[in-house]
Amino acid sequence: MSAGLDAFRAETRAWLEANCPPEMREPVRSDADVCWGGRHFAPSSPAQQQWLERMGERGWTVPDWPQAYGGGGLSPAETKVLREEMAAIRARNPLNSFGISMLGPALLKYGSEEQKLEHLPKIARGEIRWCQGYSEPNAGSDLAALATSAVSDGDNYIVNGQKVWTSYADKADWIFCLVRTSKESKQGGISFVLFDMETPGVSTKPILLISGYSPFCETFFDNVRVPKANRVYEENKGWEVAKYLLGHEREMISGMGLRSGGGNPLIEGAIATVGLDSNGRLADPLLRAQIALFEVRAKAFAAMSERFIDELKAGKAHPAQPSMMKYVGTELNKARSELIMAAGGSDALEWESERSNGGTDARAWLRTKANSIEGGTSEIQLNVIAKRILELPGA
Amino acid sequence: MPLYLNDEQSMLRDTARDYVAENLPVSHMRALRDADDATGFSREAWKAFAEMGFTGVMIGENQGGLGLGHVEAGVVLEEIGRNLSPSPFLTTAVAAVAALEGSAQADRWFAGIIAGDTVAALAIDEGAKHEASVGLKAERSGNGFRLTGSKQFVTHGHVADLLIVAARTAGSADDEAGVTLFAIPKDAAGLSASAQRLTDASLAARLDFQGVEVDADAVIGEVDAGRVPLNRLLRAGRVGASAELLGVGGGAMDMAVGYLKERKQFGALIGSFQALQHRAAHLYSELEVARAAVLKAQQLLDHGSDEADAAVSVAKAMTDMAATLAVQEGVQMHGGIGMTDEYDIGFYMKRARVLSEMFGDANFHADRLAVAAGY
């Protein structure tokens, strides 16, 4: 460990200690505790606002982005130290954002200098909230079959069509969107464009899910005028950008396999419901065995996540490795929720009661079922691993 | 510290990979088995292995070793696993060295281990399943101790020059305190070893201690505080067996994936069938996760972290599960040929079964972690 890194760790620890409000070190309990930023952001507490501003000022919402684009300009090793020190005080993530986890990396690689300077700093400071226009009613796992059209009209495209499963489209300020600019080729006729959700012709309709929540929307485009200057990378080469971004999306979703914050709700919940026997073991031995074997996988996956991020930063990760992370992480997250429901018994079934905190566990359990569907199903990830990593013969 | 091998560790891996594949391939193991070899490994090969410096990997430079750690030992063990090489490396150069390091015994035994003259065996288990309890009795007798009881699953126990023996000097079998660890030279009076051929063709001894007299200086560390060196031994053994399992699982997966790319049925390579592709991809994922868990545990051990012990149990449990899947899929994907003795894939299945039991299986370690977590 270099002396410089030790000094950085000491400085970081001191800064976090002085600047992370105590409320921002409490576990995230509900959606209101998650900061998404954006034009319509209403902080749930002064501390939440303060934490976002302080971290945003230092560029530490995106510690490894260049300072010119609002980032912290930290090296991979420094970024890891920052994450470790934040974890040590259980600091909440100051800003959750599809701009950070998905669009940002794609813009850094494929965006023009103007696009980077225009959009990245606003993402870093949480000023603009982004949504993702990818899936369509007839383009799910077969995403490249998308039909939303963008027809050239001078310096603009006229966009018509429909997206679906657009996360938080009703709350987002801007959208990054895949559109068809040519019918000549399936993947080679797609372009990647950015536009404001307030542009005339854009409308959204939330979809009620089995969890009782509506995090996803249908999004409609009716003669939406998008400047060609908002196209990222070349016309008809958007699929390359889309795939690169998907790698980052899968990386983000795989993070759901990691438990964050203090305590272990699965174990604590099981102890609360089932109790411990005279030896201090969970009184239901079969449930205990299931939890214990699950926890082995969860801890091993935590190591895998650390390894993956380290390899990614060092350029040592296989380009298709995010598919493996997404597959394992989402399947684990589903398994954890199944165990939480089994441990909770009939208490956890109450949908609206105070005892169940409004059916928190049940709704979260149902929400997890989308994890292995969104961002490419588990089966698609297995296809990718089989073909690109194991190089099995293609079908 | 990033969670991947650094340049020096990668170089060591390449060296070990080439050396083991060339000198200790699966055919070497098969030849020993076919000859009904009574030692369980080749003394010559062990000597040559030592000349490469491998056996001193975890011994300090001031004692003539390489002064490296669990990561480097694991790199070597993975190649031993991949080639199913019969070798006393894990028991001798990893687990026994970890037990002896820093003790008065180290000077006596390390030179022989470095030279490839000494083979060590670990007399820990007393029942068919690995347990934390220690029951074999060691009573004070004259200047030393008198040992009575039995041990089993002692790999190389019938030919070892040095036996590391966990014994009870106070209290009862399940007590944490009252354990003493002994370093006992071979041919001690009253000690008999009966070698058993195991499923994977390796040899493990059942040891019978009938009033075996040892001097007080055979004690490793302190009397009644033998859990200290024993825990060092167990952590090294567990993480080492995990690394070897990674090699066994990885070798089985490579064979299976290779077969999917060459075997044709219904006019197509069977690797083009999605039913098999998905299973192979799932297997790959499991092994990747296991690999991360092993490296994490090795790094934590090398840094003397308090979190190392739990990480070691995670590594052993996860590699047990992943390697077990790998060898099962390996045989299944080969179809009928996978059931033949002539083909190597079956050897991988047998070796994984033995390594899974060694130092505690997935259930043992999952239970251990649960107890530590308070449930």
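Predicted model: local features only at pLDDT ≥ 70, side-chain atom pairs only at ≥ 80, totals over all residues.
In the contact between the chains, 37 residues come from chain A and 34 residues from chain B. On the side of chain A that touches chain B, two or more residues are given by each of helix 7 (265-274), helix 8 (285-313), helix 9 (321-344) and helix 11 (378-389) of chain A. Among these elements, helix 8 of chain A gives the most to this side, with 15 residues. By residue class, the side of chain A that touches chain B comprises 24 nonpolar, 2 polar and 11 charged residues.

The largest nonpolar core of the model holds 168 residues, and the residues with the most contacts inside this core are A300(A), I164(B), A293(B), A297(B) and M318(B). Helix 7 of chain B (residues 227-260) supplies the largest share of the core, namely 17 residues. When neighbours within four places in sequence are left aside, A293(B) is in contact with A300(A) and A303(A) of chain A, and also with V314(B), A315(B) and M318(B) of chain B. Apart from this core lies another, of 60 residues, which includes W51(A), V81(A), L178(A) and F195(A).

Chain B is divided into domain 1 (7-118), domain 2 (123-224) and domain 3 (228-372). Between domain 1 and domain 2 of chain B, the C-alpha centres lie 23 Å apart, and the contact of these two domains takes 15 residues from domain 1 and 13 residues from domain 2. The elements of chain B that give two or more residues to the side of domain 1 that touches domain 2 are helix 2 (26-34), helix 5 (89-100) and helix 6 (106-115), and the largest share of that side, 4 residues, comes from helix 5 of chain B. The residues on this side of domain 1 of chain B divide into 7 nonpolar, 7 polar and 1 charged.

Within helix 7 of chain B is found V248(B), which counts as buried because 32 C-beta neighbours lie inside 10 Å, where 20 or more are required. Leaving aside neighbours within four places in sequence, V248(B) is in contact with G81(B), A323(B), Y348(B), R351(B), A352(B) and L355(B).

Terms used
Residues numbered from 1 in each chain as written. Chains lettered and ligands numbered in written order. Contact = placed C-beta atoms within 7 Å. Nonpolar A, V, L, I, M, F, W, Y, C, P; charged D, E, K, R; others polar. Core = buried A, V, L, I, M, F, W, Y, C linked by C-beta atoms within 7 Å. Buried ≥ 20, exposed ≤ 12 C-beta atoms within 10 Å, placed from the backbone. Domains from an automatic or database assignment.
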